[in-house]
Structure formats: C-alpha cells, structure tokens
Amino acid sequence: MSIFEAGLRGGAVAILLLVAILFLRDLGRSPVGRNCALVLLSAAAYVVCSAPGFGRLDVPFGFSLLVISLGLPALNWMSAAAVFDDEFKPSPLRPLAWLGLVVLGMWSILDSQPLVDLAYYGLSLLFVGLAAWHALIGREADLIESRRRLRALLAVSIASYAAAIIIVDLLSPGSSVSAPFSIVNAVGLTATAFAFAVSWLGIAREAPFIASANTDRRSSPHSDANADRAPAARRSHEQEPALLEALRELMEDQKLYRHGGLSIAALAARLEIPDYRLRRFINRQLGHRNFSSFINGYRLAEARAALADPNQAEVPILTIALDSGFQSLAPFNRSFKETAGTTPTEYRRQCLSRLDSSFAS
C-alpha cells in the first residue's frame with residue numbers, strides 16, 4: 001500500500017470517527033444518534049479491513065475490526081430508517097438482521113463456498129437497496145432541507161458506491177484487488193466520508209429534529225413540535241402574517257386537508273409561493289418535520305371532534321376517517337393511536353361516557 005493510499009484511508013477513518021463522536025456527544029441518547037454512530041464506526045472498520053495487505057485475523061484487533069465491518073450494509077439500512085423515518089421505533093428484528101449478515105460474512109471468509117458468498121453479498125445488496133428506499137420514499141414530504149439533501153446523497157452517491165464495491169467483491173472473492181482499484185476505492189471512501197461529514201454539519205444546525213424524533217406525539221396538531229423553536233415561530237408569525245393567514249384559510253376554512261392527493265407542491269401553488277419557502281415556513285415556524293404530520297394534524301383534529309360528537313355516535317369510524325381525508329382505515333387507526341394514545345373506538349367510548357356522566361350529574 002502506497003503512502004498516498006495510506007494517507008487517504010487514514011483521513012477517511014479520522015473523518016468517520018470524528019463525526020461518530022459528534023453523534024454520540026450531541027445525540028447519543030436518541031435512536032438516530034446511536035444508529036448513525038454505529039454505521040460510522042463500521043465504515044471506519046471497513047476502510048481499515050479493505051486496505052491491501054491487511055491480515056484481518058492476524059493483526060491485533062483484526063478479528064474485531066472484521067466483525068464490525070461485515071455488518072456495515074445492515075447498519076447503513078438501520079441508520080437510514082432512524083434518520084429518515086419520523087415514525088421509526090427500535091425493533092429487535094434489526095439487530096438480528098445485522099447479526100445474520102455478520103454470521104454469513106464470517107462463514108464466507110472462514111469456509112468460502114459459492115452459495116454462502118452469494119448469500120452474503122446478495123443480502124448486503126438488499127440492505128443497500130433498503131437504505132436507498134428509506135432515503136427516497138419520503139423525500140417529497142420532508143420539510144427539513146438539510147435532511148432532504150442527505151437523502152439524495154445517500155440514495156444516489158453512497159448507495160451506488162456501496163453497491164459497486166459489493167459487486168466487485170462478489171466477482172472477485174478471495175482475490176486481492178489491483179493496486180489502481182485499491183487507490184480508487186480509497187479515494188471513493190475518503191470522498192464519501194467527507195461528503196457525509198459536510199451533510200452532517202448541515203443537519204447539526206437543525207439538530208432538534210433528530211432529538212425530538214420518535215418522541216411522544218400526543219400534543220395538539222397545531223402546536224410547535226419543539227418548544228425551543230416557539231420564540232422563533234412567534235417572531236416569524238409577526239414577519240409573515242399574510243402567509244400564516246392564507247395557510248390558515250386554506251386549511252381551516254376551506255379544509256384543503258380533506259383532499260387525499262394534497263402535496264406540498266399543490267399547497268404551495270395555491271398559496272402562490274415557491275415550494276422551498278412553504279417547506280421552511282411549516283418546518284421552522286410551525287414545528288413539523290414532514291408534510292404528512294402537518295396535514296394529518298388537521299385530519300386527526302377533525303376526526304377527534306367527530307368521535308366526541310354525540311350527534312355522530314352512529315356514524316361508522318371508517319366514514320369519519322374518509323371524511324377527514326384519510327384514504328383507508330389502517331393509516332387512520334395507526335396515526336390516531338400514536339397521537340391520542342388510544343384507538344378511535346375507545347376514544348369515542350370515553351368521550352361519550354363523560355358526556356353521559358355530566359348529564360346524569
């Protein structure tokens with residue numbers, strides 16, 4: 001390994017470890033912080049283990065580094081889910097998926113067999129694809145601009161590069177790669193690490209969205225999601241009263257949220273402003289991280305009012321859900337329970353029971 005390549009790999013490891021430390025320092029108590037730190041540590045281990053001349057099982061700590069690096073695709077999938085999915089909840093299935101990938105990888109190294117190799121690399125490609133899917137699936141509704149940029153980076157650059165490396169390893173199992181390819185790989189790893197670090201610095205300025213992700217959502221749909229942003233929100237409300245009033249009229253008076261296909265672009269067109277300005281306003285001033293939570297807040301508020309109305313006691317819950325703007329019962333039930341802490345049926349029963357008790361007294 002040349003001095004140039006060693007410097008590149010050393011730089012990549014330093015960047016990855018530095019950003020991992022920042023994640024643990026600032027967000028270590030959140031699933032996002034832990035998952036991102038793990039994937040960065042695994043990536044740093046891969047940079048070392050993929051270096052030419054690395055003895056893997058012979059060098060000090062070589063076995064530990066190898067185990068850590070083998071699960072990188074699964075950890076990448078887990079961190080993508082934690083960062084990009086505001087409904088993310090830790091699940092024991094994800095660590096089991098990581099463990100299965102590591103076991104397959106160790107089996108492939110210690111007792112190389114074509115089917116085992118194919119299973120490991122095929123599963124790795126699946127995890128890379130799932131990470132890209134998580135990055136792309138909610139990009140349009142994402143209101144956090146720095147996170148939207150990171151989605152594109154992960155889906156296009158990192159996922160494509162990771163897939164290319166996996167395919168090269170699959171086509172040349174057990175053989176040493178050529179020196180030019182090793183240098184190209186080192187350049188790619190360093191560039192990817194640097195790009196991720198720059199993206200993270202952009203996200204760090206909006207860190208509250210990470211710290212508050214996956215927290216209790218049983219609050220008013222119209223209140224700010226982050227108390228720290230309330231003063232900024234009030235200042236902006238004073239600065240943009242026309243936009244706030246126009247948005248209120250569309251959502252509360254015209255009840256635009258009832259339209260099932262409502263998108264951020266369609267709402268921005270109705271307001272006659274650019275998409276980015278509406279995204280920024282709803283995120284920074286109203287405290288929502290994605291457009292779906294903003295829209296569903298109005299839908300759920302209407303549904304709660306209907307369920308608590310004794311005049312609508314015989315109206316089916318499905319009808320209430322559809323009238324409120326939901327496309328089917330399943331997402332309505334899920335969103336309702338997450339915000340109200342109970343099912344729509346139980347919520348209606350409790351509200352009507354309290355009304356009966358007040359009348360009786």
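The following legends describe close-up views of a predicted model. Local features require pLDDT of at least 70 and side-chain atom pairs pLDDT 80 or more, whereas totals for chains, interfaces and linings use all residues. Residues are numbered from 1 along each chain as its sequence is written, and side-chain values use heavy atoms, without hydrogens and water.

**View 1. Packing of helix 12 against helix 13.** Helix 12 (residues 264-271) and helix 13 (residues 275-285) pack at about 100 degrees, with axes 9 Å apart; helices are DSSP runs (H or I, at least four residues) numbered from the N terminus. Axes are lines fitted to C-alpha atoms over the stretch in contact, and angles between N-to-C directions run from 0 to 180 degrees. The two helices are therefore roughly perpendicular (65 to 115 degrees). Ile264, Ala265, Leu267, Ala268 and Leu271 of helix 12 meet Asp275, Leu278, Arg279 and Ile282 of helix 13, contact meaning heavy atoms within 4.5 Å. These residues divide into seven nonpolar, no polar and two charged; Ala, Val, Leu, Ile, Met, Phe, Trp, Tyr, Cys and Pro count as nonpolar, Asp, Glu, Lys and Arg as charged, and the others, Gly among them, as polar.

**View 2. Packing of helix 14 against helix 16.** The axes of helix 14 (residues 291-307) and helix 16 (residues 329-340) lie 11 Å apart at an angle of about 85 degrees. This makes helix 14 roughly perpendicular to helix 16. Asn296, Leu300, Ala303, Arg304 and Leu307 in helix 14 meet Phe332, Ser335, Phe336 and Thr339 in helix 16. The contact comprises five nonpolar, three polar and one charged residue.

View 3. With 0% relative accessibility, Ala321 counts as buried (under 20% relative accessible area, 1.4 Å probe, protein chains only). Leaving aside residues up to four places away in sequence, Ala321 touches Phe326, Leu329 and Phe332.

View 4. Rings of Phe, Tyr and Trp (its six-membered ring) pair if their centres lie within 6.5 Å, and planes under 30 degrees apart count as stacked, over 60 as edge-to-face and the rest as tilted. Trp77 and Phe127 are stacked, because their ring centres are 5.2 Å apart and their planes at 25 degrees. Trp77 in helix 4 and Phe127 in helix 6 are 50 residues apart, and both are buried. Phe336 and Tyr347 form an edge-to-face pair, 5.3 Å centre to centre with 75 degrees between the planes.

How values were computed
Angles under 35 degrees count as roughly parallel, over 145 as roughly antiparallel, 65 to 115 as roughly perpendicular and the rest as oblique. Buried means under 20% relative accessible area, exposed over 50%, partly exposed in between (1.4 Å probe, protein chains only).
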